[in-house]
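Please open the model in a viewer and keep the selection panel at hand.

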Amino acid sequence: MSHYLYYALTLGVYFFVYCLLGLGYNLQYGLAGINNVANYSFVAFGAYLAAVTTLGPSNSLVQSYILGTSIAWPLPLLVGAAAGALTSLVLGFIFLLRLRHQYQAIVTLVVAQVIWLLVGNNPGLFNGYNGLAGVPQPLESVVNLAPVPYEAFFVGITALCALLGFAFMRRVVRSPLGRVLRAIREDESVASCFGRNVFWAQMSAFIVAGTMAGLAGGLLVEYLGAWSPSGWSPYEGFVVIAALIIGGTANNIGAALGAFIVPVAIYELTGFIPPFGPVNAQTIDAFRWIAIGIIVLLFLWFRPQGVLPEPRRRFRLVDRILVGQEPIPGKGLFLSQKMHGSDATSVVTDETK
Amino acid sequence: MSSDRADVSTAPLIQAVGLSKSFGGVRAVQNCSLEAYPGKITGLIGPNGAGKSTLLALLAGAERPDSGKVLFDGHDVTRMHDWQRARLGLVRTFQVSRPLGHMTLLENMLIGAMDMSGETFAKAFLNRKQWKENEERDLIRAVELLERFNLLRLANDYAEILSGGQMRLLELARALMASPKLLLLDEPFAGVNPSLAHELADHVEQLNREGQSMILIEHELNLVGRLCDPVIVLANGSVLASGSMSELGKSAEVLDAYLGRTERVSATPLVTTSELEMEAPHGDA
Ligand SMILES: Nc1ncnc2c1ncn2[C@@H]1O[C@H](COP(=O)(O)OP(=O)(O)OP(=O)(O)O)[C@@H](O)[C@H]1O
Ligand SMILES: [Mg+2]
């Protein structure tokens, strides 16, 4: 029984981490219109930095890495988030200055691949393709819990991060900042000819999204205890993108729904397909990617806005004017009076004079 | 109608000096110099492809000139980006409407309002009270304008559902939200039905009486005659002539530039002085 519970809690961790990732991706892609396929590189940097600041100084006999220290939890998570922010700032200059649309996507993909190769082929950096292992779980000795309760505790940590991310994004979407980012997504020349600095607006969104990705990476490495290039190939980023497309681009709840549908439901549940005949574990893994690819394709064809479309922001003032509960500002007359002949109109305007 | 030309001594609001711009082999604008004065509607006319829109883009900063200078309101803005010029009060509309499609009309208008009190992460969270107040204020102005442009009914709908003409109206209304020092209008009435176009022209005239300076590109010469003084004629990327519409009506050069090149304009006879006089009392009423 506790096996199932443990497994459910594991899915909970993935769900909340992918919520955080999806919300960050929604910020940069759904709102700001940045076509970034390198999103998982920021997760990776967050994970590596959180790992090396937990592991302590490098012992090159076991594994070699840079910047090894041991700081108290939750500081490594913050370092991971900062690593995501910093990488975003640097790469933002490459991705955001001149590149747009498919060219932007291609360049981010290439950069992601280069980063992956650089990290893998430089064992001095983060132990190359072998990666880092033995990262202790946060507060393990402090809370001193059995595996299942500890798992629940970790779900709590990730849920807290995801909820904070959700509350944050909710405010962003409803603020003038959210409006400007969407304006940039729709037509950046318009945003720009109305005084908005498109580059820095996109850059700030990109950095904040990178921070969220870095934090998610920190959470992942603390949960898994290990991190190596095989776990963060550029394709992993596709899971996040697929989740947002299916859940609903530019919709925060859609991002959460996508985090449930793709990384949890499709990705994990296909793991339950039992091996039969020619189907072994590897083919099941391939099925998983094929399934995600096909579903994304179907959505792009038949429901590009995703399960939950972008919410439309209605201003209640105008709704009240339209149903005649409030006069038109500056005119002192109600819409219905304006529509029903000139008599009513002239009477009312005379009265207001 | 701003017909009194007594204040020639005032400094120009915008001044272009020797602007040139080529696209590959096409010399769209060649050595253009012009000035627009505060409180005036300066007309910009010329055949299709004369370089009017390109000139407007050079003034607004959407395009960089190959040579020449742009001075606006005491600043040399030649090297400034369009968004920097917009913040100085130089705002344009586009000849082909550019609605922010998946945003509502009101949101389009609020982008036009250029209130930036809640548009960074820090301000969005820390400056909440301020931006909410500003948003409320801008919203009321937006509703007034949308009402004037017959768009209020659609205020909470996405701009992508508008008809072509309605998109033009939104384009103009959005630019007016900015209350800029100088408004650059690229054929704002094209595709708008005549009676509404007339109404909008009244509105533009009213704004001008309230002190709004504009540069207006327009093919409909009756409207140009009614609204604009002075008028600058562009042909083949260069300034051909400038002056009041009645002065230009007498110029053979201008007549050639028009009648020689486009059928559309030749179908509409060039405005005559008597037509202008007929329009005048209407505008002053
Ligand atoms: N981005 C561009 N690339 C190449 N050529 C261009 C570009 N923009 C304008 N042109 C060329 O520059 C010339 C002037 O174009 P412009 O749009 O300024 O004309 P216009 O006077 O506004 O004409 P219209 O009355 O038809 O709007 C045209 O020959 C056009 O083909
Ligand atoms: Mg043009």
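**Chain B as a whole**

Select chain B: 12 helices and 10 strands are found there, helices (H or I, at least four residues) and strands (E, at least two) being DSSP runs numbered from the N terminus. The model is a predicted one, in which local features need pLDDT of at least 70 and side-chain atom pairs count only at pLDDT 80 or more, while totals for chains, interfaces and linings use all residues. Residues are numbered from 1 along each chain as its sequence is written, chains are lettered from A and ligands numbered from 1 in the order in which they are written, and side-chain values use heavy atoms, with hydrogens and water left out.

Of the 285 residues of chain B, 55% are buried, that is, under 20% relative accessible area, as against exposed at over 50% and partly exposed in between (1.4 Å probe, protein chains only). With contact meaning heavy atoms within 4.5 Å, 69% of the contacts in chain B with a separation of 6 or more are between residues 24 or more positions apart.

**Helix H7 of chain B**

Next, select residues 194–209 of chain B, which form helix H7. This helix has 16 residues and spans 22 Å from its first C-alpha to its last, close to the 22 Å expected at 1.5 Å a residue; the expected span is 1.5 Å times one less than the number of residues. Colour the buried residues of H7(B), including Leu196(B), Ala197(B), Leu200(B), Ala201(B), Val204(B) and Leu207(B). His203(B), Glu205(B) and Asn208(B) are also buried.

Now display the two ends. At the start of H7(B), a side-chain oxygen of Asn193(B) comes to within 3.0 Å of the backbone nitrogen of Ser195(B). After the helix comes Gly211(B), with a positive phi near 110°.

**Glu135 of chain B**

Move to helix H5 (residues 128–148) of chain B and pick Glu135(B). Is this side chain's residue, Glu135(B), buried or exposed? Glu135(B) is buried, at a relative accessible area of 9%. Show its surroundings: leaving aside residues up to four places away in sequence, Glu135(B) touches Pro176(A), Arg179(A), Arg313(A), Phe315(A) and Leu110(B).

**Chain A**

Finally, select chain A, which has 16 helices and 0 strands. Its C-alpha atoms fill a box of roughly 90 × 45 × 45 Å along the principal axes. Of the 353 residues of chain A, 51% count as buried. Among contacts in chain A between residues at least 6 apart in sequence, 73% join residues at least 24 apart.

Definitions and conventions: A polar contact is a pair of N or O atoms within 3.5 Å; within protein, one must be able to donate a hydrogen and the other to accept it, and residues adjacent in sequence count only if both atoms are side-chain atoms.
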